Every structure is written in structure tokens, then in C-alpha cells.
Amino acid sequence: MNKKNYISTFLYYLLATLIAAAMLVPLFWMISTSFKNKGALMALPIQWIPKEPTFDNFVRLFDTPGFIGSMGNSLVVAVASVALTLISSSLAAFAFAKIKFRGRESIFLLYLASMMIPTQVLFIPLYLVMSELKLTDTLTALILPGIFRAFAVFMLRQKMKTIPDEYMDAAAMDGASLGRTFFQIIAPMCKGIFATLGIILFMESWNDYLLPLVMLQSNSKFTMPIILSAMSGQFKNQYNLMMAGALISMVPILILYAVAQKYFKAGLQVGGVKG
Amino acid sequence: MANDTRRICEKIRQAETLPAGFHNEEWGTFMKLRNQKTGIVAAFPYLLPSLLGMALFSVLPIVASLCISMTRWSGMTHVSIFHGFFTFVKENFIGFQNYAAVFQEKEIWTVLSHNAYFLVLYMPLMLCMSLILAVIVGSDHKAVGVYRVIYYIPVLTSWVAGALIWKWVLSSQYGPINDILGFVGIKGPAWLQSEIWAMPSIVLASVWKDMGFYGMIFLGGLQSISPEYYEAAKIDGASAWQRFKSITLPLLSPTTFYVMILSLINAFQIFPQVMVMTTDAGPNGATQVMVERIYKFAFSFGKMGYAASYSWILFAIIFAITIFQNLMQRKWVHYE
């Protein structure tokens, strides 16, 4: 390696590390704060590493009414809405990709058009629909909208279209019903997309703020982001407690990322499609 | 099962090469399936859940929201959108008066200017940073994997957690940012408590949160550029910067355009960071933005009709951006 290469390698690592360090400062500060006691929190000069680290914040957090419940709520909502979306969307995608019927293209166009209207525009009437269904302040209000996800239908349809029709014909010849063909042939071939979609949707649901903020009123129904933002009002300046909460809320997604990085990467490519 | 299917597929392929006019019983079965005139009967059960969801959670809200935006509704009276909704709409119909009222107020322009201000600060910063991240992660140095993970962590964080962290990081007295600034001799501002710095603070947090996401999109764009271009340029003696300027940037233009459009739409939808980082939309309403206003009008002030008109103005903006994207894409972005 010549001298010029050494310099460029050095500059590369310098820049990459500087940016990484800058991006980690807030996260480091969160972790550091979550182990601080009350005194260290407001100590000047600030303590980058707490002098007397303590687990108190985590203990107090778990004693806070509704906190443990909110973890459960978030998990239930995320898992249930992912399952609902995958089932309903793959069924619809199957119809769009593999069954011929009149109006297929126009209905699908309607699906695509619906992607242009974001939740940010529709959350008021969505709240009204939910209150009409007597579902406000229930977790169901957060799960049920997952039944219609145009972008999931779109992705699954794309995948199913790449499956040759011969599979369908072969199954039909064997006397398999359409349902059996779907469950035993088509759905298993979409495993990769299911995993990718599942991860995008899980993360979206786990981190969602707007919909639960609009739908939920009582403490016992709160999801993690909502209880965290409620705490910031309730505990005013007790940032050690809030940082501990933020840290805990991040852990499941980080674990998921560590385990399934491959699908995150694929998900990102598709996530772009979502717009 | 899969093996069976493959075997049968093979059989079909053989059948398809048979001379025209060849028929047997099996062939008839699957030809029937492919030309179903009664397809809708077969498709209906599969479409049902999704269509039901579309009707309830997309079409109905759109129609209801359009109607509400044209009614005088304080939000105090209970209105059912299943029973007697249209009677209510007819009785309280005021046409486009809500929209007219919105545009007569100074507020909408202030709010839109805040979104625009966010955009002006956010977009250049985000584009530069995410492109740098993409180049770093796209290189062939050894530690690339580590950087990739680090740059991606903020994307995985929920906005509420991210916003809480930034609120505390930007604390004027106890925050590390002002501590670092103090170290190099700058007295940091009061960030979120300052009318001038509140929006830049939100931009800072948003760039931190989003640059990994857009960086990965840029990475996809970088990787789709054929290495042959670079090799040819190298032979011609082009420097790294020249190669970046004359090959990477132009060939990356579709990705750049796409990222710009995404972030443009995103800029008009910012919400959680504003809600969590700035209580009551900042000092003197410095961080009042579209979605935050819609939420406050509807759920804090009960001005439903007004809020619905705001929603549709927001939609009109997003729609215009999307149309613009389609037009421009056809015009000057060249896909290979």
C-alpha cells in the first residue's frame, strides 16, 4: 500500500468515526442518564459517566402504574396487527395476482390511490369511525386498521405475480381447492416477504405515536410511546426516569434488529415503495 | 408437496409443447381455472377482509372528512357517522366557508411557513449527511458493518424516545451539546426554550433520526451504478473527487430526486418530534406545524370542521408534490 492510500484510509476512518460518535452522543447520554441519581442529574459540571451509578430509576419505573402494562399493550398491538395485516393482505394479494375477475385492475388502482392519503390526514374521521364502533380507548382500535394495508397488498401481489401460474394449474389438476392452493403452495413461497413485511409493520406499530395518541384515553390502555410522552408531562424534569423508559422501549427493536438484520435491509428497499 | 408440484409443473410444460388441438381431461381442468368468467365469485372471499377494511378505515373516513370540512361543527354536539350523518351534514352545510375562514386567518400561513422553514433547514443537511453515510457504508473498508449498525440505530428508535432524548440532550444547562460547545468556547443557546432555536433543534433531531434511513436508500442508488464507469475514469486519470462529481452525482440523480420528494412530503407531516420536544408548540408558537394544528383543533379546541379543512389542505400539498414528482420523473430523471 502506498502513502496516499494510507492517508485516504486514515481520513475515511476519521470521518466515519466522527460521524458515528456524534450520532451516538444522544444515545450515550440517554444510557448514562438512566443510571444517575437525582443529585447527579442536575450536577454541574455535567457528569458524562455517573459517579454513583444506580438501578433505582429502573426499579421506580417498573413501580410506576401502567408502565409494565404498557409494554404488554405495545406487544399485543404489534403482534396482533402484524398478524392481521399479513393474513388479510396476503388473501387480497392472492386474489389480485392469481384469480382473474372483472374489475380487478380498477380495484387494485383504488388500492394504490389510497396509499397517497396518509394517516395524518385521516385521523379525525378514523377516530369518529372507532367511536361509532365503540372501540375508542381499546387496543382493538389500534389493531383493526391493520386489516387494510394497501402497501402490504402491493408488495405481496408483486411477489405472487412472480410465481408461475403453472403451480396453480398443477394444484388444480391434483384436485386442490383454491384455498388449499393458497395455504399450501402460494403462501409458503412468500415466506421471505412475510418476514420482511412483518418486521416493517412490527416496528411501525411498536413506535407509532399518532394513532394511539388519538385513540387511547386511560392509563391502563397506553402503549409505550404514549406512556413515555405522558410521563414527560407528569415527571417534568426527572430525566433519569424518562431516559430509563426510553432505553427500555428501544430494547425489543434493537434485539429484533440484531436477530433479523437481513430482513431489515430488505424491508428498507421495500419501505421506499411505501412512500 | 413442493416436489409434487414441481413434477406436475414439468408435466404441464411438456403438455404445452404438444401440438395445437391436443386435448385431454387434465388440460381442460386448468384451462377452466385460467379463464374464469365467474372469477369474482372465487376472488370475493379472499378480497373480503381487505375490502371491508378499505371501506371502513379508508373510504368512509375520506368521505366523512370531506363532509365534515364543509359543515359547521363545534365538536361539542355528538354526531354519529353511521346514523343520520347526512342529515347532520345537510343541516349544517356551509360549503367552503371553513376553507375560506382558514385562508383568511394569518395562522395557516404562519404554520405553513414553519413547515417550510423546517424543510429549508432539514433537506440540504439531510441530503449531505445521508449521502456521506452512504459513501462511508458503501466503501470496502473493513469496519463498514459496525458503522452501518451505528448509523441505523436512530432509525430504529421510536420518535417519542428520540424526542425525549433530544429534549434532554439540548437542555441548556445540563445537556451535553452545550457542554461540548462550552468546551470550545461557545455559549450554547437555550435551544427549545428559544423562539429562534426551537425549530433548528427539531431539525437537528430529525436529521439525526432520519439520515440513516435516507443513507440506506442512497446506498442502494450507489450500488446500482456500474463499476465500469469508475474503472474507465480511473484509467483516464480522474481523481476521486472528479469521479464523484462527474459519475456518482449525475447517475445518482434518480435516487436523489426520490429522497428529496420523500423528505419533502415528510416535512409537511412532522408531528411526534414537535409534540414531545416542544410543549405547546414552542415559545410563542414557534414550532406550530400542520399536523400539530390539526390535532389541536380537533381534540383540544373541538373545531372539527376547521381541523378537517386543515387536513385537506395538507392533503392538497402532498398531492401536489406527488403530481410534481410524476411529471418531473418523466421529464428529466433518466433511469437506466
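Q: In chain B, what share of the contacts with a separation of 6 or more comes from residues 24 or more positions apart?
A: First, a caveat: this is a predicted model, in which local features need pLDDT of at least 70 and side-chain atom pairs need pLDDT 80 or more, while totals for chains, interfaces and linings use all residues. Residues are numbered from 1 along each chain as its sequence is written, chains are lettered from A and ligands numbered from 1, in the order in which they are written. A contact here is a residue pair whose C-beta atoms, placed from the backbone, lie within 7 Å. Among chain B contacts with a separation of 6 or more, the share from residues 24 or more positions apart is 68%.

Q: How many helices does chain B have?
A: Helices are DSSP runs of H or I with at least four residues, strands are E runs of at least two, and both are numbered from the N terminus. Chain B comes out with 0 strands, and its helix count is 16.

Q: What percentage of chain B counts as buried?
A: Buried takes 20 or more other C-beta atoms within 10 Å of a residue's own, exposed takes 12 or fewer, and partly exposed is in between, with C-beta atoms placed from the backbone. Out of the 336 residues in chain B, the buried part is 38%.

Q: Is Tyr13(A) buried, exposed or partly exposed?
A: Tyr13(A) sits in helix α1 of chain A. Gly72(A) is 59 residues away from Tyr13(A) in sequence and 42 Å away in space, C-alpha to C-alpha. Tyr13(A) has 15 C-beta neighbours inside 10 Å, so it counts as partly exposed.

Q: Which element gives the largest share of the side of domain 1 of chain A that touches domain 2 of chain A?
A: An automatic or database assignment sets the domain bounds, giving domain 1 (3–59) and domain 2 (63–274) in chain A. Their C-alpha centres are 34 Å apart, and 9 residues of domain 1 are in contact with 8 residues of domain 2. On the domain 1 side, α1 (3–34) and α3 (56–63) each give two or more residues. The largest share, 4 residues, comes from α1(A).

Q: How far apart do the C-alpha centres of the two domains of chain B lie?
A: For chain B, the assignment gives domain 1 (24–95) and domain 2 (105–302). The distance between their C-alpha centres is 38 Å.

Q: Which helix of chain B gives the largest share of the side that touches chain A?
A: The contact takes 76 residues from chain B and 78 from chain A. The chain B side splits into 56 nonpolar (Ala, Val, Leu, Ile, Met, Phe, Trp, Tyr, Cys, Pro), 3 charged (Asp, Glu, Lys, Arg) and 17 polar (the others, Gly among them). The largest share, 19 residues, comes from residues 39–68, helix α3(B).

Q: Why is α4(A) called oblique to α3(B)?
A: Helix α4 (residues 67–98) of chain A packs on α3(B) with axes 8 Å apart, and residues that meet there include Phe94(A) from α4(A) and Tyr46(B) from α3(B). Axes are lines fitted to C-alpha atoms over the stretch in contact, with angles from 0 to 180 degrees between N-to-C directions. Under 35 degrees is roughly parallel, over 145 roughly antiparallel, 65 to 115 roughly perpendicular, and the rest oblique. The α4(A)–α3(B) angle is about 130 degrees, which makes this pair oblique.

Conventions
Two residues are in contact if their C-beta atoms, placed from the backbone, lie within 7 Å.
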